[in-house]
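Reader: Before I use the terms in this description, I would like to hear what stands behind each of them.

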Amino acid sequence: MNEKDFHFSIALQPKQKEAMRMLENDGKTGVVGYGGSRGGGKSFLVRAWMLLRRLAYPGTKGVIIRKTYPELLTNHIMTLWQEYPRLREYYNKSEKCLEFPNELGGGALFFRQLENDDDVYKFVGQEFDDIALDEATQHTELTFKLLRASNRTSSLSKIRPKMLLTFNPGGIGSGWVKRLFIDKMFLDNERAEDYGFVQA
């Protein structure tokens with residue numbers, strides 16, 4: 001299969017398009033929050049963004065993170081095979097990684113769970129060009145900060161590292177998410193231009 005044979009058609013809602021514009025490579029925004037009540041297409045946006053970025057920037061790495069593996073399986077992995085069945089043959093089940101063939105850029109999309117607070121330390125020292133923390137309010141601010149430290153360029157491509165956070169109201173992390181994306185109250189070491197928010 002080559003890129004020409006792989007028909008990759010994604011229809012986005014207006015709010016999803018707005019978030020995609022913020023996540024464009026030439027944009028200042030490094031971290032985009034996409035939040036709101038259920039049914040806003042948050043998980044779909046995560047998958048679409050990750051796939052488009054891997055195809056646009058060959059050899060790059062992205063990771064989709066959920067609290068548990070069953071959530072990853074039902075919300076992303078199985079759904080991905082329904083949306084794009086031909087990608088399934090490139091999935092490494094033991095590594096929980098979609099390994100794109102050279103014809104599609106040779107990038108990688110990892111699927112990881114953060115069930116316990118200490119699990120985030122497994123990311124220390126790792127590099128991901130793009131990180132999607134799906135349901136960010138299920139995690140602490142420390143988890144977010146440690147993940148952000150792993151959001152750096154892992155390749156020779158011209159990709160600029162980006163993070164996408166999706167969230168519903170409530171949860172253990174609602175305070176820091178509200179501070180950054182709703183109230184826009186930034187600490188001395190945080191820059192307002194690094195953060196963008198779209199209401200799902």
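**Terms and grounds**

Author: The buried residues of helix 1 pack against strand 1 (31-35), helix 2 (42-56) and strand 8 (195-199), where contact means heavy atoms within 4.5 Å. Helices (H or I, at least four residues) and strands (E, at least two) are DSSP runs, numbered from the N terminus. This is a predicted model, in which local features need pLDDT of at least 70 and side-chain atom pairs pLDDT 80 or more, while totals for chains, interfaces and linings use all residues. Residues are numbered from 1 along each chain as its sequence is written, and side-chain values use heavy atoms, without hydrogens and water.

Reader: Which residues of helix 1 are called buried?

Author: In helix 1 (residues 14-22) they are Q16, A19 and M20; buried means under 20% relative accessible area, exposed over 50%, partly exposed in between (1.4 Å probe, protein chains only).

Reader: What puts them on the same side of helix 1?

Author: The arc is taken from the directions from the helix axis to the C-beta atoms. These residues cover an arc of only 105° around the axis, so they lie on the same side of helix 1. The face turned away from that buried side carries the exposed residues P14 and R21.

Reader: Why are strand 3 and strand 8 said to stand at the edges?

Author: The open sheet of eight strands has the order 3-4-5-2-6-7-1-8, with mixed pairing. Strand 3 (91-92) and strand 8 each have a single partner strand, so one side of each is left without a neighbour in the sheet. Two strands pair if DSSP finds at least two bridges between them; strand 2 (residues 61-66) and strand 6 (residues 130-133) pair in the parallel sense over four bridges.
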